[in-house]
Amino acid sequence: MTRIIEDNGVYSQPDYSSATALSSAANYIMNSPEPFTHTFRTYIRLRENGSLTLKFWHSNSVDSTWDLGQDANGSEPGGEWSIEAAYVSDGGSVPDGTVTAGTSVPLTFAGSRTKQVEAGETFWSDEASLELPEGHYLAFTWTIKTSSPGKTLPYNVEGILVSAYDGPGNLAGQESAEAFSLSDKLLVLPSYIGYKKQVAKKLVFLGDSITQGVRTEKDQYSYWAARIAEGLGTDYGLWNIGSGWGRAYDVAADGPWMNKAKQGDEVLIVLGVNDLDIGQRSAEELLRDLSDIIAKIKEANGGAEIILSTVPPFNFAEEREQAWRKVNMAILTNPPAGVSRVFDIASVLAMPAPAEHRIRAEYMSGEYDPHPNGTAGKAVAEAFLAWY
């Protein structure tokens, strides 16, 4: 298999696999009027617990454009900042801001407990060993310091799917929840949470908020990517890089988000909703972007298998509905070169014809919100696993 991946990419550590189905793609960037020192603690359900060897990779860049790009653009490099301290801990069975006493393991970077991060840099942590009991969360805590105002740290600002806390100052080594507050729309994590694990196949799920799981219940992992990971079992690695507001033209720009997509033995692409909606792309433009993505993944990794999904229904109307229908017809009948298989997610979520551009009411996150809920996640995962 040919893999032409940047030297510091995930494939530079072939013995590691993604440890969680949670996406930590970045779609926003901190823009502070003054320098800050702040600590972020996040609780993550791992795919396996027990005696773990962990390693973290980070890309200091924004992956996908937020809204119209007035605040954050896809492939925008992060600024300079530093890791003052970072720990992995047993987060216990209840994500309440505390960590289990005596379990915190400091992370190092080339042997140092601190790390100066340059603009747009990618880097790995050193290995860290942690014993994590069954049913317990991994708590990842790090303190970030900036030395200047302006744009610095990329993160994800979409609806938080896991319990996360943050607080001012250097609190990374603190076991209690004192001075931490529950985070709101502030997911600040490394780009890749890996554990030493040999797997039969490494899957990358590339998509927008629907792949990320936005609007599903916090800490429940009920979105379809997480349910598929559970159904496949841990012999399959799954790296979810779904990003809220993400669109195909962000990936086709061949920046940091695309680099992540190139890392899989198999890549499932579920994009198009935001291209047709806020991106105002035509059917022809979206299909061209999807073709470019597939061609670039195959160029970098000739053995990668590409699963292209139809565009999920999102209650489009008028010309957006017509573009949605045109794109999905092309995907089903004449997919771009390089596609191995097509998964028809639209048929799972859609109302019966002629209203198949609309998502079933029972699958909506709210009366006016067509993001698929956890019930929809179950339906999509069951359909995918039966088809796969």
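Reader: Which residues in H9 does H2 meet?
Author: This is a predicted model, where local features need pLDDT of at least 70, side-chain atom pairs count only at pLDDT 80 or more, and totals for chains, interfaces and linings use all residues. Residues are numbered from 1 along each chain as its sequence is written, and side-chain values use heavy atoms, without hydrogens and water. From H2, Trp 224, Arg 227, Ile 228, Gly 231 and Leu 232 take part (contact: heavy atoms within 4.5 Å). In H9 they meet Gly 374, Gly 377, Lys 378, Val 380, Ala 381, Phe 384 and Leu 385.

Reader: How many nonpolar residues are in the contact of H2 with H9?
Author: Ala, Val, Leu, Ile, Met, Phe, Trp, Tyr, Cys and Pro count as nonpolar; Asp, Glu, Lys and Arg as charged; the others, Gly among them, as polar. In the contact of H2 with H9, three residues are polar and two charged. The nonpolar count is seven.

Reader: At what angle do H2 and H9 pack?
Author: H2 covers residues 224–232, and H9 covers residues 374–387 (helices: DSSP runs of H or I, at least four residues). Their axes lie 8 Å apart. The packing angle is about 40°.

Reader: Within what distance do the axes of H6 and H7 come?
Author: H6 runs over residues 283–300 and H7 over residues 318–333. The two axes cross at roughly 40°. H6 and H7 are therefore oblique to each other. Their axes come within 9 Å.

Reader: In which hand does H6 pass H7?
Author: A right-handed crossing has the near helix turned clockwise from the far one by less than a right angle, a left-handed one anticlockwise. H6 passes H7 in a crossing that is right-handed.

Reader: Which residues in H7 does H6 meet?
Author: The H6 side consists of Ala 283, Glu 284, Leu 286, Leu 287 and Leu 290. In H7 these residues meet Ala 323, Lys 326, Val 327, Ala 330 and Ile 331.

Reader: How many charged residues are in the contact of H6 with H7?
Author: Eight residues of this contact are nonpolar. No polar residues take part. Glu 284 in H6 and Lys 326 in H7 are among the residues that meet. The charged count is two.

Definitions and conventions. Axes fitted to C-alpha atoms, helices over the stretch in contact; angles between N-to-C directions. Helix = DSSP H or I, 4+ residues; strand = E, 2+ residues; numbered from the N terminus. Parallel < 35°, antiparallel > 145°, perpendicular 65-115°, else oblique.
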